[in-house]
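Welcome, and thanks for opening the viewer. Please load the model below and keep your selection tool at hand as we go from stop to stop.

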Amino acid sequence: MLQYVVKRLIGIIPILFLVSIFIFLFVHLIPGDPARLVAGQDATLQDVEVVRQELGLDQPIHIQYFNFISGIFQGDIGSSIKTGRPVFNEIASRFMPTFWLTFWSMIWAVIVGLLIGVISATKRNKWQDYLGMFGAVSGISMPSFWLGLLLIQVFAVQLGWLPVGGLESWKSYVLPSITLGSGVAAVVARFSRSSLMDILKDDYIRTGRAKGLNEHKVVWGHGLKNAMIPVVTMTGLQFGFLLGGSIVIETVFSWPGLGRLLIDSVAFRDYPVIQAEMLLFALEFILINLIVDLIYGFLNPQIRYD
Amino acid sequence: MANPQTAEIATELSKGSENVKKSSPITEFWKKFKKQRLAMVSGIFVLLLVIITIFGPAIAPYSAEEPDYVNVLQGSSWDHLAGTDAFGRDIFSRIIIGTRISLFVGTISVLLGAVVGTILGLVSAFYGKWVDSFIMRICDVLFAFPGILLAIGIIAILGPGLGNVIIAISIFNIPNFARIVRGSALSVKATVYVEATKSIGAKNRRLIWKHIFPGTASSIIVNFTMRIGTAILTAASLSFLGLGAQPPTPEWGAMLSNGRDYLSTSPHVTFYPGLAIFLTVLAFNLLGDGLRDTLDPKIKD
Amino acid sequence: MTEKMLEIEDLKTYFYGDEGVVKAVDGVTITVNKGETVGVVGESGCGKSVTSLSVMRLLQDTPGEIVDGSIKFEGKSLLNLSEKEMRMIRGNDIAMIFQEPMTSLNPVYKIGKQLEEAIKLHLRYDKKKARIHAVNMLNLVGLPRANEVMNEYPHQLSGGMRQRVMIAMAMACNPKLLIADEPTTALDVTIQAQILELMQQLRNESNTSIMLITHDLGVVAEMCDRVVVMYAGEVVEESDVYTLFENPKHPYTKGLIGSVPKLGQDVEKLDSIPGNVPIPTNMPSGCKFAPRCEFAMDICWKKDPVLLETNDKHACRCWLYQDQEKALEV
């Protein structure tokens, strides 16, 4: 198991390297002079030169990259053009709200998605299956911002049960998490259905039935744990979808998180913040997939002992 | 692995089907596709959307951009089926005229991504070695960013606007197609007839286009249809965020965004454009599901 | 004197697919007496496995359905039982061993858990007692280091060891009838011999009835008291094992025996049966073996012969041994 963990950890190094180059080049891809951009339109040529030296933009490109990487390790990833504060501080306060939002969305989405998937797989071609799968394809097709606005209209504006937006209490989490998780729940439902349907054709399922086990034990005991192995991998990929979705959802619900900060930064052309956010999202995504790989190894004994 | 019994029965059944007269792949496809009711209905709906795209401005009862300050924020009525927005514009007409934008953006961006991705995938599968690992590593990097984040990053560089939305969505479709095409091209490449053609000394380019590409066509078609739904959704999201179509363009996502301020008093302003997006994406997804089941049962979602 | 354990009578199991109805089992009658080992022999696709799944009522994963006939176990009909009552019989009174030891065990659970499951269910043992019983069963089937194997996963065992585990699992609740579906086919030759020996030993100790499904006549000669030969969903010949090998009647049985190499016999080439099993959706109208039969006569193409007991306990479905004129008059 330890060997497996080490192998996975080493495996992400090249991808981290490439992602860091990509992000580093990001600011350089913006048309125009980055130093002029940071210094502002009204700055004099001298000011621009000062900024250029401050940012190290006058150095050769590989030195710049090295500085960029060592800056990341020291928590120094530049300053916001808009506020002048270090980007690190800007992001830090926004991190937890987004984290908890995606976390709760993922939790309910996986539980509900699995439940629908298992019911659909065992009631194949019956009304439960049709209902579940139609619901799932609707969930995938639903624009999240529309669903969010509909939920606000019903539960916040008309019924007044839950807040319209912002983050005040646990109640604030309900509507955004439902909105954000619905797509993932739909994908998990579809995937776990097809995965479980494949598994239920396997020989050991027949062995279980031949032992006299009831369908409940066969499906939930012998089927689901095997079906979970591909589902877990896929769920990791869905996390990217969730992170992306949070950008839109946070705008709908005025959520004080990373997503809304990103949209505000794009509108303000606050490149250091955008750069840092992209790095953070990518890191988070890579990290989640690493964790998923580890869970995968835990579920699948064949990997553990190889 | 399937039970030996079921496998046995499957071979028995397939032996039976060998006996059936061979018909052309298109009639065979149509015979199977017809059985997928939901996909058929969706196909008809998509066709309807295409017709609306062509004749949109002629069908629409009102102008899309002309304000009418007398009839501001009115609910549904016989005059205005989906009500009017804050400028008194007929929402139903705007949705009809906006169909063109969503379909165009969705199709073109997936098409661009598919063309580049397919070429990369074929090249990757055919040449293998360092070319393959280089292309696949690039795809890995692009995959490390959630789709919409990548699009936002690209728009941050290029600036907001529909054209840039198309570019951004194309780019994040590239790795998707590259991987799928590479996968199925590798399995086609392993088949005997490609080996045989190679041994007679066929040129590489000819080999790729005449022999490997046709083998990957069905997975490309299925993936293409499925991605259009996602592309339309992403484009609408970007416009909703103010990064795509700018007012007064009747883009569905942008219309929704404009209606947000009147959510409590006039929910219809956001409701109908959202419904249009939902139904369109749903139709493409159901159509894609149906195509997948008929053309390529191996691909799982 | 002979107590009947399993009586399959005129069983018809059909499969409903896109290409039409497949009569996988079409009027099969097999009886297994107490303490007896009956071999069911035939090529793949002849319906022998479907027969065994029909007995266990495990057809729910397949498009198959029992449409006619009866299956009695100790005199009571299995087809009339509720699913719950049937579950009390599966793994308890009737146990089954499958062909693929590599895939018949669940890869994500330890051997111990998989063994204890049926023991706890049918014998109602508590966890501790079930575990002791499971270890005893592993010792009984000759697995070395039984205690350690309990904590291992299937992929850590070899094919032969897994099949021993499967046998231990099947015998754990002391079944009255064991259905073994090609138990040795997937194993190496030396392991095959060991597993057969083990099954013989267990049968002698426990007096369990066995229905042994196989395509391997060598296994039949080794293990069985009586043999049923199946072809295309029908029984074509049935007799005790000595008679069958000494005096096979049906041309198909003759062909099967002729295609087995014999030790010490220097043969230039082995006989083989020409052609293939007929396509299930397109069965010949007369005798189903006629297209491959070297003795085929006019009548064979027109009318399917019945299974007729020619002399003492030897039945055969072939016009060569039946009164053709009488049949045509009917």
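Start by selecting chain A: of its 306 residues, 44% count as buried. Here a residue is buried if 20 or more other C-beta atoms lie within 10 Å of its own, exposed if 12 or fewer, and partly exposed in between, with C-beta atoms placed from the backbone. Before you click further, note that this is a predicted model, in which local features need pLDDT of at least 70 and side-chain atom pairs count only at pLDDT 80 or more, while totals for chains, interfaces and linings use all residues. Residues are numbered from 1 along each chain as its sequence is written, and chains are lettered from A and ligands numbered from 1 in the order in which they are written.

**Chain A as a whole**

Switch to a cartoon view, and chain A shows 13 helices and zero strands. Helices (H or I, at least four residues) and strands (E, at least two) are DSSP runs, numbered from the N terminus. The C-alpha trace of chain A spans about 85 × 55 × 30 Å along its principal axes. Among contacts in chain A between residues at least 6 apart in sequence, 70% join residues at least 24 apart; two residues are in contact if their C-beta atoms, placed from the backbone, lie within 7 Å.

**A helix pair in chain A**

Next, select residues 87-122 and 271-299 of chain A, which are helices H5 and H12. At what angle do H5(A) and H12(A) pack? The angle is about 50°, and the axes are 10 Å apart. Axes are lines fitted to C-alpha atoms, for helices over the stretch in contact, and angles run from 0 to 180 degrees between N-to-C directions. That makes H5(A) oblique to H12(A), since angles under 35 degrees count as roughly parallel, over 145 as roughly antiparallel, 65 to 115 as roughly perpendicular and the rest as oblique. Now show side chains: Val87(A), Glu90(A) and Ile91(A) of H5(A) meet Pro272(A), Val273(A), Ala276(A), Glu277(A) and Leu280(A) of H12(A). By class, this contact has six nonpolar, no polar and two charged residues. Ala, Val, Leu, Ile, Met, Phe, Trp, Tyr, Cys and Pro count as nonpolar, Asp, Glu, Lys and Arg as charged, and the others, Gly among them, as polar.

**Where the chains meet**

Bring in chain B, where 41 residues are in contact with 42 residues of chain A. On the chain B side, the largest share, nine residues, comes from H11(B), which covers 268-295. That side of chain B has 25 nonpolar, 10 polar and six charged residues.

The predictor gives the complex an ipTM of 0.84 and a pTM of 0.81.

**Backbone details to zoom in on**

Most residues other than glycine have a negative phi, and most peptide bonds are trans. With that in mind, go to Pro247(B) and Pro248(B): the peptide bond between them is cis, with omega near 5°. Pro248(B) is found in the loop between H9 and H10 of chain B.

Finally, visit two residues of chain C. Glu74(C) has a positive phi of about 50° and lies in the loop between strands E4 and E5. Asn174(C), with phi near 55°, lies in the loop between H6 and E7.
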